[in-house]
Amino acid sequence: MIPLSYYLVLSAILFACGVTGFLIKRNIITIFMSIELMLNGVNLSFVAFAAQWHALSGQVFVFFVMVVAAAEAAVGLAIIISVYRTRETLNVDRVNLLKL
Amino acid sequence: MNPNFNLWVIPVLALTGAAINGLFGRRFPKQVVAAVGLLFTGAAFLWAARVALAVFSGSVLLPHTELLASWIRSGSFHADFAFYLDQLSMVMLLVVTGVGFLIHVYSVGYMWEEGGFYRYFSYLNLFMFFMLTLVLANNYLLMFIGWEGVGLASYLLIGFFFLRDSAAAAGKKAFITNRIGDFGFLIALFLLIQKFGSLDFTTVAEGVGKLPTEAGFGLLTAVGIFLMVGACGKSAQIPLYVWLPDAMEGPTPVSALIHAATMVTAGVYMVARSHVIFDKAPLALAVVAIIGTLTAFFAATIGITQTDIKRVLAYSTVSQLGYMFMACGAAAYAAGVFHLMTHAFFKGLLFLGSGSVIHALSGEQDMRNMGGLRKKIPWTFAVMTAGTVAIAGIPPFAGFWSKDEILWQVYSHGPKILWALGLLTAFITSFYMFRLWFMTFFGEYRGKLESGDHGHGDAHGHGHGHGGIHESPMIMIVPLVILALLSIGGGFIKAPEFLAPVFATGSVHVEAGHGEGAAKVEGAVTEAPESKSTEYWLMGFSVGAGGLGLLLAYLLYHRRPELPGRIADGISGLYRTVASKYYVDEIYNWMLIAPLIDVSRRWLWRGVDQGGIDTVVNDGAIGAREVGEIARHMQSGNLRSYAGWLAAGAAVVVAYMVWLGVR
């Protein structure tokens with residue numbers, strides 16, 4: 001059986017990749033995908049713990065996260081399309097109307 | 001069982017008048033303001049007169065206490081809104097409401113042209129309220145409320161013309177000087193609470209009655225001396241008298257009511273009210289006598305040299321208050337209160353009369369610019385003559401009876417030196433009062449106003465320079481005449497006999513086991529067969545002193561008016577010292593006020609405030625700004641940098657948790 005720590009390390013790597021992508025990429029779609037990566041990194045640790053402790057609550061939580069992620073994707077993609085239509089760019093650094 | 005007089009109504013009537021004029025007076029026409037002011041004071045006087053009639057008819061058993069409501073109850077200590085009526089408060093009640101009402105009437109004429117007419121009457125009624133609370137209270141704490149309240153009213157009225165710097169400063173001086181006295185009064189009250197657990201007059205008197213007479217310095221002596229400190233402040237005695245002459249900045253009727261007839265006598269009333277304490281503390285009594293005598297003497301000498309008509313009267317007031325304390329110091333409280341009463345009549349009259357002179361001369365107060373006014377303002381001249389003769393102690397006018405009583409009591413109960421100083425003071429008093437009289441009413445007119453034969457009799461405001469010397473309107477003359485009659489006949493009121501029961505109960509004589517205590521106090525007159533002739537001798541002395549003063553003033557200020565100047569030049573050093581009021585103001589300034597200001601400026605202001613408090617506040621603000629200067633770079637508005645900070649923060653937290661786990 002694969003030890004728990006392997007899952008956790010993989011989960012941390014996935015999360016770190018997501019954070020890094022979120023911080024350094026300028027394309028809004030890539031940033032969006034980085035967020036999904038972070039969520040799924042967390043999901044992985046949830047199911048790993050659930051399997052380890054034989055507790056279902058971790059798995060239930062994963063479903064909740066998925067639902068939220070789906071909702072977020074729906075809203076987020078709609079915003080992205082709307083932004084692209086008005087600004088004709090996907091570079092977040094140029095979407096800075098609210099900045100002082 | 002005594003009937004219920006509802007004594008509380010008397011002060012509350014005055015308070016109602018003050019409230020109505022104070023709150024709505026600005027919108028009222030002057031006639032309504034005056035009507036409200038007079039109505040409520042007059043009603044208070046009538047109420048007091050009703051009570052007095054019941055007392056004089058003998059149907060009331062004195063002392064009589066009425067409880068209105070409980071006020072403070074804390075453990076075994078309690079102080080109530082309760083009113084106490086005995087012969088002493090009866091006399092005070094009649095003097096305050098009676099003289100107060102007359103001065104209200106006079107004020108209508110005097111203040112008619114002044115701004116703030118409603119404010120004036122509101123303050124005046126407020127003063128009446130507090131003064132009546134003071135004299136009717138049945139415990140020291142309620143008395144203290146009145147005590148502080150009259151101080152407030154006095155402050156407001158001295159500073160009535162607050163646009164004048166000198167008036168505002170005089171008001172402050174009076175208030176601050178009185179604080180020093182009040183400090184002493186409060187300490188005395190604390191000592192009483194600690195010892196007797198109560199501030200009720202009767203409870204304290206009972207408690208004191210059980211204690212032995214103190215030979216040296218004990219608790220009662222301390223209480224007595226601290227009470228006297230309070231009385232010194234309120235009644236303008238050495239060393240706290242300096243505020244009273246400056247208080248003449250207020251309108252003249254205020255000087256008459258507050259700074260001559262009523263408020264300044266509160267100290268005498270308080271000492272008389274506390275007579276049981278003083279009876280058991282001979283040392284405190286000696287302090288009272290010495291302070292009173294010295295004040296009487298020194299203030300009288302200053303009075304000789306003053307040229308402002310109101311200032312002469314102010315120093316005269318200080319001096320006469322000294323007489324009252326002299327009497328109290330000789331344990332002749334009844335004589336002191338008798339003099340208080342006659343003084344209220346004749347000094348109120350003199351102040352109002354001087355107001356009438358000032359009014360006639362359109363605001364002139366310097367006697368060097370007066371003279372020869374006797375034909376021009378005959379009514380004022382007549383009433384001023386009555387007042388002057390009364391204060392000079394010439395029989396059978398009021399001042400003679402009370403002053404002679406005091407001198408006799410001091411002679412028979414105190415050291416002879418005090419009596420000698422008192423007699424000398426009587427001479428000086430007569431001299432400076434007749435000096436005022438001659439300088440004002442006789443000789444040639446030395447002022448600039450042209451003679452007032454134009455005869456329009458309506459009430460002019462003074463100080464507007466409308467020309468012409470004119471007699472005051474009837475509304476001012478009538479109170480003057482009534483007070484003049486009281487000054488002439490007031491001495492025949494048997495006040496000492498009426499007051500005797502108050503000072504007999506629990507007095508030192510009863511405790512000393514002489515038996516017939518009540519008779520003993522009255523017995524001053526019938527003490528011994530030879531004392532009767534002594535009394536006549538002394539009476540002769542005091543009449544002689546008064547007559548001598550009149551004669552000297554006549555010689556110096558009427559027959560040979562050039563002489564005083566030459567005498568003053570001859571003893572210029574002494575003259576200048578006295579004319580500068582012994583430099584007391586300067587000495588206080590140099591010894592107390594200047595160091596205080598210096599310490600305040602250098603330590604409290606520059607050191608503590610600027611150096612300490614300001615530095616902490618300012619440096620705190622500067623520090624916050626500098627931290628903000630650094631931290632504001634985090635708030636770039638760049639979304640990804642926020643996320644970066646977030647991640648970094650999370651990383652730090654995780655690292656910390658890991659470190660905790662590893663450790």
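Analyst: A residue counts as buried if 20 or more other C-beta atoms lie within 10 Å of its own, as exposed if 12 or fewer do, and as partly exposed in between. Keep this in mind as we read the structure, which is a predicted model.

User: Is Tyr583(B) buried, exposed or partly exposed?

Analyst: Tyr583(B) has 13 other C-beta atoms within 10 Å, so this residue is partly exposed. Tyr583(B) sits in the loop between helix 25 (572-579) and helix 26 (584-631) of chain B, and its phi is positive, about 55 degrees, although the residue is not a glycine.

User: Why is Leu361(B) called buried?

Analyst: Leu361(B) is buried because 27 other C-beta atoms lie within 10 Å. Leu361(B) belongs to the loop between helix 15 and helix 16 (378-392) of chain B, and, leaving aside residues up to four places away in sequence, Leu361(B) touches Met370(B), Gly447(B), Leu449(B) and Ile469(B).

User: Which residues have the most contacts inside the largest nonpolar core?

Analyst: As a general idea, nonpolar side chains in soluble globular proteins tend to be buried together. Here the largest nonpolar core has 208 residues, and those with the most contacts inside it are Val288(B) and Val337(B). Helix 15 of chain B gives the largest share of this core, 17 residues. Beyond residues up to four places away in sequence, Val288(B) touches several residues, including Met228(B), Val271(B) and Phe278(B).

User: At what angle do the axes of helix 3 and helix 15 of chain B cross?

Analyst: Angles under 35 degrees count as roughly parallel. The axes of helix 3 (residues 87-110) and helix 15 (residues 333-360) of chain B come within 10 Å and cross at roughly 5 degrees, which means that helix 3 of chain B is roughly parallel to helix 15 of chain B. The contact between these two helices has 11 nonpolar, 3 polar and no charged residues; among those that take part are Leu88(B) and Val91(B) from helix 3, and Val337(B) and Met341(B) from helix 15.

User: Which residues are joined by a cis peptide bond with omega of about 0 degrees?

Analyst: That bond joins Pro395(B) and Pro396(B), and Pro396(B) lies in the loop between helix 16 and helix 17 (398-413) of chain B. A cis peptide bond, with omega about 5 degrees, also joins Ile238(B) and Pro239(B).

Technical notes. Residues are numbered from 1 along each chain as its sequence is written. Chains are lettered from A and ligands numbered from 1 in the order in which they are written. This is a predicted model: local features need pLDDT of at least 70, side-chain atom pairs count only at pLDDT 80 or more; totals for chains, interfaces and linings use all residues. Axes are lines fitted to C-alpha atoms, for helices over the stretch in contact, and angles run from 0 to 180 degrees between N-to-C directions. Helices (H or I, at least four residues) and strands (E, at least two) are DSSP runs, numbered from the N terminus. Angles under 35 degrees count as roughly parallel, over 145 as roughly antiparallel, 65 to 115 as roughly perpendicular and the rest as oblique. Two residues are in contact if their C-beta atoms, placed from the backbone, lie within 7 Å. Ala, Val, Leu, Ile, Met, Phe, Trp, Tyr, Cys and Pro count as nonpolar, Asp, Glu, Lys and Arg as charged, and the others, Gly among them, as polar. A nonpolar core is a set of buried Ala, Val, Leu, Ile, Met, Phe, Trp, Tyr and Cys residues joined through C-beta atoms within 7 Å.
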